[in-house]
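Please consult the structure shown below while reading.

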Amino acid sequence: MTESPASSALQTRLTTAFPQTASLSRQDLEALAYEDYPTAPTQQQQQSAEDSITPNQAYFEAFLHSLPQTQALYGAHADLLRSNEAKAKRNLERQAPLEALRTETQQLFDRAKALEAEWATRELQLNEAQKRFNPSALHFSLTQSASKLNDRSEQLANAFVEGLTYPKDDSGTAEEALVDEASFVRRYKQQRLLYHKRRLVAERWARNQVHWTD
């Protein structure tokens, strides 16, 4: 007895999707397609069905597990499990170093916060120290130095003219003695030269004619 065209077409589609079914008999195909669900089962039958597997179900399970697609899925699942286990092992190995790194990072963070809090005080101290080197402070220091040089040179000239004693040098701790002519000329010339140089720079600086280079 020949099969109907519809049955042949169905089997062709089935064997195309699942080539393993091409060698199965009609009885095997019917066993695969058979549903073991009786109509309106009783509670006792339901309990019995949960505890047992029918031959058709076992055959279907065996056939399903023999499919390359199923085996490939099982293989991929096993590979994922092995990969996850390896990753978990590596994570456990890295746990101790990571904890140590976390502790060190926290210590460095706390240190950074302490330095940040200290910076405000340090900045005030820095600004105070830099006041001596700003342009206005330097100009004032230069004019004061020129004024002191002028006063010292006048005191030296007065001591020489009046025959008074005068420190032998400008260290501030030198002994005083009468100023001879040679010493007076040398020291007076040096003081006046330095005085005029500083006064000239201060005046030009006040007129914005001095340009400092690093």
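## Helix packing

A crossing is called left-handed when the near helix is turned anticlockwise from the far one by less than a right angle, and right-handed when it is turned clockwise. By this criterion, helix 6 and helix 7 cross in a left-handed manner. Helices here are DSSP runs (H or I, at least four residues), numbered from the N terminus.

The model is predicted, so local features require pLDDT of at least 70 and side-chain atom pairs pLDDT 80 or more, whereas totals for chains, interfaces and linings use all residues. Residues are numbered from 1 along each chain as its sequence is written, and side-chain values use heavy atoms, without hydrogens and water.

Helix 6 (residues 135-162) and helix 7 (residues 181-206) have axes 9 Å apart, at an angle of about 155 degrees. The two helices are therefore roughly antiparallel (an angle over 145 degrees). The residues of their contact comprise 16 nonpolar, six polar and seven charged.

The whole structure contains two aromatic pairs, a pair being rings of Phe, Tyr or Trp (its six-membered ring) with centres within 6.5 Å, and stacked if the planes are under 30 degrees apart. F160 and F184 are stacked, with centres 4.3 Å apart and 5 degrees between the planes. This pair joins F160 in helix 6 to F184 in helix 7, 24 residues apart.

F184 is also stacked with Y188, at 5.3 Å between centres and 25 degrees between planes. F184 is buried at 14% relative accessible area (buried means under 20%, exposed over 50%, partly exposed in between, with a 1.4 Å probe and protein chains only). F160 is partly exposed at 30%, and Y188 is partly exposed at 25%.

Terms used
Axes are lines fitted to C-alpha atoms, for helices over the stretch in contact, and angles run from 0 to 180 degrees between N-to-C directions. Angles under 35 degrees count as roughly parallel, over 145 as roughly antiparallel, 65 to 115 as roughly perpendicular and the rest as oblique. Ala, Val, Leu, Ile, Met, Phe, Trp, Tyr, Cys and Pro count as nonpolar, Asp, Glu, Lys and Arg as charged, and the others, Gly among them, as polar. Rings of Phe, Tyr and Trp (its six-membered ring) pair if their centres lie within 6.5 Å; planes under 30 degrees apart count as stacked, over 60 as edge-to-face and the rest as tilted.
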